[in-house]
Amino acid sequence: MSAARPVPTGEGTRPVTALIDCTPSDSPARPWSADPYTDALRAGRGPLFLRRTDGWLLPLEVERWCAEADAADREVLRRCEGAVLDVGCGPGRLVAELAAQGRPVLGIDVSEAAVAHTVRLGGQALRRSVFEPVPGEGRWDTALLIDGNVGIGGDPHALLRRMSQLLATKGLLIVETAPVDVDERVRVRVADGRGASGTSFPWARLGTPALLRHAGWAGWRTEGQWTADGRFFLALRNRSDRRTSNTAEPPNRAAVTSSQRERNPSPESAVADL
């Protein structure tokens, strides 16, 4: 296992263990922490699904998530600028690839197993929801929402607003969208297809046209879009300083049905003290 690279702060560096230890020990149970997901990450393979309340299943690509970054991933990483925040980093392939390149990067994920896997790969990761306080708020040059993570929270407007708070003004957001024209808000569970499933939580699925609409309403500027290996990506530019406070606004947690701060940072001072 390669050594973890500390992410720079304004006052020196801190090792990854310091970041992990600052997570509250009494955090409530979270989605993506149920046994099916943990077991799949530990095994490095599925089957694993998001199961909708009507029984519809969305297959999750555990094997790809647990492998090394592929050509489509590397194209995403090539476009990243400065210090990178990977939101919903999963088992950490993107964080590890950037860290191996010597680039400042931090992954956040609500899954303890995902964070542990990322650290084992030599990346820095913190167990944290994107809607909780995050190191370096308003200073990140690039943020990633890959592998369907634009669905986090089930409320695209709340998530885009939060990403704007995390990024520097003119920061870059790279999103992987669904390969179909879909715009849905649902409640799902992580399930293994063999009867085991986790707790219900809100999720969203957006194709590129839907994300373009939401991003336009939220004031983002479209930087570019591309496809690679059958996957679809969109780059958005944080156009203005829309932060109103230092407190993240959580998404609307109500059940829904299917329709399916600018601080002129430098990469050397990417992460603020918690």
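1. Helices (H or I, at least four residues) and strands (E, at least two) are DSSP runs, numbered from the N terminus. Val 180 lies in the loop between S9 and strand S10 (183–191). The model is a predicted one, in which local features need pLDDT of at least 70 and side-chain atom pairs count only at pLDDT 80 or more, while totals for chains, interfaces and linings use all residues. Residues are numbered from 1 along each chain as its sequence is written, and side-chain values use heavy atoms, with hydrogens and water left out.

2. On the overall composition, the protein has 8 helices and 13 strands. Of its 274 residues, 54% are buried, where buried means under 20% relative accessible area, exposed over 50%, and partly exposed in between (1.4 Å probe, protein chains only). The protein exposes about 11800 Å², with carbon and sulfur atoms supplying 50% of that area; accessible areas come from the Shrake-Rupley method with a 1.4 Å probe, and for residues only the protein chains shown count as cover.

3. Not counting residues up to four places away in sequence, Val 180 touches Arg 205 and Gly 207, contact meaning heavy atoms within 4.5 Å. Val 180 and Thr 208 are 28 residues apart in sequence, and their C-alpha atoms are 8.0 Å apart in space.

4. S12 and S13 run antiparallel and are joined by 7 bridges, with Ala 228 opposite Arg 231 in S13. The two strands form a hairpin with 2 residues between them, and Asp 229 in the turn has a positive phi of about 55 degrees. Arg 231 counts as buried because its relative accessibility is 7%. Leaving aside neighbours within four places in sequence, the residues in contact with Arg 231 include Arg 64, Asp 70, Ala 72, Asp 73, Arg 93, Asp 147, Glu 176 and Trp 226.

5. Two of these contacts of Arg 231, Ala 72 and Asp 73, are among the buried residues of helix H4 (residues 71–79), which are Ala 72, Asp 73, Val 76 and Leu 77. Seen down the axis of H4, these buried residues fall within an arc of 140 degrees, so they line one face of the helix; the arc is that of the directions from the helix axis to the C-beta atoms. Their packing partners are helix H3 (62–66), helix H5 (93–100), strand S8 (140–145), strand S9 (167–177), strand S12 (221–228) and strand S13 (231–237). At the start of H4, a side-chain oxygen of Asp 70 reaches to within 3.2 Å of the backbone nitrogen of Ala 72.

6. Helix H7 is largely enclosed by the rest of the structure, because 9 of its 11 residues are buried; among them are Leu 159, Leu 160, Arg 162, Met 163 and Gln 165. Asp 155 caps the N-terminal end of H7, with a side-chain oxygen 3.2 Å from the backbone nitrogen of His 157.

7. Some backbone values deserve a check, since most residues other than glycine have a negative phi, and most peptide bonds are trans. Asp 147, in the loop between S8 and helix H7 (156–166), has a positive phi near 60 degrees. Lys 170, found in strand S9, has a positive phi of about 70 degrees although it is not a glycine, and Lys 170 is exposed, with a relative accessible area of 61%. A cis peptide bond joins Gly 46 and Pro 47, with omega about 10 degrees, and Pro 47 sits in the loop between helix H2 (35–43) and strand S3 (49–52).

How values were computed
A polar contact is a pair of N or O atoms within 3.5 Å; within protein, one must be able to donate a hydrogen and the other to accept it, and residues adjacent in sequence count only if both atoms are side-chain atoms. Two strands pair if DSSP finds at least two bridges between them.
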